[in-house]
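Open the model in your viewer and keep the selection panel at hand. This tour goes from one selection to the next.

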Amino acid sequence: MCRPKSPLDSFPYERDPRSRALGAGVEDGNYIYVQDIDGTIYILPDESHMHPKVLGNASPAIYAGDLRVERRRIVDVTNLSGTFQFDDPHGLLSVATQLAVLGFIINEGAVRFFPMDGSPPCILR
Amino acid sequence: MRALILEDNRDRRVAMIGRLAERFPFLHVTFFDASKKMIEFMESDKLQDIAMISLDHDLELISGSQGDWIDAGTGLDVARWLSKRPKPICPVVVHTTNSRAGGKMMRLLERSNWVAHRVIPHDDLLWIDTDWFRVTRNAIVDFAPQRRSPPILQVENKVSLIRSLLEDRYDSGQAFCKAAIAIILDAYVRDLRPLSGDVSAEVISFVNKDVLASVLDFEGPVVRWWREVGFSLRSLDTWAERGPLAPEQLGVGEEAAERLSRSGVKQIQIRVIEIAEMQALLVVSATRSLAPTAVQEIITELKKAIEIAVFVGLHWLPSGKQSKLTQKKKRKGLT
């Protein structure tokens, strides 16, 4: 798990009312996610500039990125977030483990890490 | 990583780059307003780190310096050039309202084995935020990564790295330990403060079975309180490795617990640091909760960092001996 990080956009946005803990019953689609300091993963539909509104109030997070769900399977999960820019592959693996604990099937090769210096991305799992 | 986009409309460009930067802050985006310029660029570039190409079809005429108008070409010109390359290099998104030309571009690219996606603009710029970004994001995430292990530095390598960096600066392992622990505590306490309020952390070593001493030259609120109330040395031991404890959970009686609370301490946590024959205690106290997962992760990391520092200190070589060894290695060409 990573050291908590505050959003780079420190404006205290209100938490989006659609923000919810990731769990069973999530529909197919693209989502952004933020893991709060207690380890819970919250999601919102992938729309413009939503990462700071997942937790709201410029709250720190221990990981953030985006993911794609298709028929209860995780097609991909990444560390992609301009707002948080987590750069630790182990934190992403920890998110993937938590997704599995939550009952999601993670496709082979779905855990994809993008180094924030722009160097080539890699598949972690 | 780079993206190349054929798009001459300023508003579209602003919307595209804004949306990409939110998710791919490291992506370098180059826009072109004419097919000829884009083809010339691609001919002169190795195109090794291109993650995505997006192509409009209809482009506005460009005003020349002589008051003339220059034909900017079309996205079809670029699709034709791409299709003639020996092999595809990245996914391509075709974003044009011209359905006939868009279809032509798609067929040309697909016939030459390019992974091509079609996005039809609608509702002014709304399609960029929704359809175009979703297709582009999925295309980059599907295509870009290669399978390899994450870079992990082994603990042994970390230790030798620390040693190589610091060995010359300290005469003894003890001096190194003291300096390293002070730096580590300071750094981690700063990380903990936003989460747990006013945090104090110290490392206590046992001088013998009845006497303990702070490794550094200060005492935190817990140890000060512990000395004031005069508890036995064993009490600190019994609170170790039990997670965050509130004063009333220490089993020290109402008055002593109240006294600790009055000093502002809401929770304490004691972790045992054990390396070889040495045992010490890491004492963390906070004016807010130490319970959240993230706080626990930081405390665990803090404990590991101190253990590494102690490990390095225990395996310290006197500087004279170290430099002789280094010289010997240099002579043998080992360094």
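A residue counts as buried here if 20 or more other C-beta atoms lie within 10 Å of its own C-beta atom. Keep in mind throughout that this is a predicted model.

**Stop 1: chain A**

Select chain A. By that cut-off, 43% of its 125 residues are buried. Colour it by secondary structure. Now turn to contacts in chain A with a separation of 6 or more: 57% of them link residues 24 or more positions apart.

**Stop 2: where chain A touches chain B**

Show both chains. How many residues of chain A are in contact with chain B? The count is 33 residues of chain A against 26 residues of chain B. To find the chain A side, select β4 (63-70), β5 (73-78), α2 (89-101), β7 (111-113) and β8 (122-123) of chain A; each of these elements gives two or more residues to it. Colour this side by residue class. You get 14 nonpolar, 10 polar and nine charged residues.

**Stop 3: chain B as a whole**

Chain B holds 12 helices and 12 strands. It has 335 residues, and 33% of them are buried. For contacts in chain B with a separation of 6 or more, 65% are between residues 24 or more positions apart.

**Stop 4: the five-stranded sheet**

Stay in chain B and select the strands β2, β1, β3, β6 and β7. In that order they form an open sheet with parallel pairing. Which strands stand at the edges? They are β2 (28-32) and β7 (116-119) of chain B; each has a single partner strand, so one side of each lacks a neighbour in the sheet. Look across the strands: from one to the next, the twist averages 20 degrees.

Zoom in on β1(B) and β3(B). These strands run parallel and are joined by five bridges. For one bridge pair, pick Leu4(B); its partner in β3(B) is Ile53(B).

**Stop 5: helix α3 of chain B**

Select residues 75-83 of chain B, which form helix α3. Which of its residues are buried? Gly75(B), Leu76(B), Asp77(B), Val78(B), Ala79(B) and Leu82(B) are.

**Stop 6: α2 against α3**

Keep α2(B) and α3(B) on screen. Two packed helices are described by the angle between their axes and the distance between the axes. Here the angle is about 25 degrees, and the axes are 8 Å apart. α2(B) is therefore roughly parallel to α3(B). Their crossing is right-handed. Show side chains for the contact: α2(B) brings Ser35(B), Met38(B) and Ile39(B), while α3(B) brings Gly75(B), Asp77(B), Val78(B) and Trp81(B). By class, that contact has four nonpolar, two polar and one charged residues.

**Stop 7: Gly18 of chain B**

Finish at helix α1 (residues 10-23) of chain B and pick Gly18(B), which lies in it. Gly18(B) is partly exposed, because 15 other C-beta atoms lie within 10 Å. Then label Asp129(B). Gly18(B) and Asp129(B) are 111 residues apart along the chain, yet 9.4 Å separates their C-alpha atoms.

Methods. Residues are numbered from 1 along each chain as its sequence is written. Chains are lettered from A and ligands numbered from 1 in the order in which they are written. This is a predicted model: local features need pLDDT of at least 70, side-chain atom pairs count only at pLDDT 80 or more; totals for chains, interfaces and linings use all residues. Two residues are in contact if their C-beta atoms, placed from the backbone, lie within 7 Å. Helices (H or I, at least four residues) and strands (E, at least two) are DSSP runs, numbered from the N terminus. Ala, Val, Leu, Ile, Met, Phe, Trp, Tyr, Cys and Pro count as nonpolar, Asp, Glu, Lys and Arg as charged, and the others, Gly among them, as polar. A residue is buried if 20 or more other C-beta atoms lie within 10 Å of its own, exposed if 12 or fewer, and partly exposed in between; C-beta atoms are placed from the backbone. Two strands pair if DSSP finds at least two bridges between them. Axes are lines fitted to C-alpha atoms, for helices over the stretch in contact, and angles run from 0 to 180 degrees between N-to-C directions. Angles under 35 degrees count as roughly parallel, over 145 as roughly antiparallel, 65 to 115 as roughly perpendicular and the rest as oblique. A crossing is left-handed if the near helix is turned anticlockwise from the far one by less than a right angle, and right-handed if clockwise.
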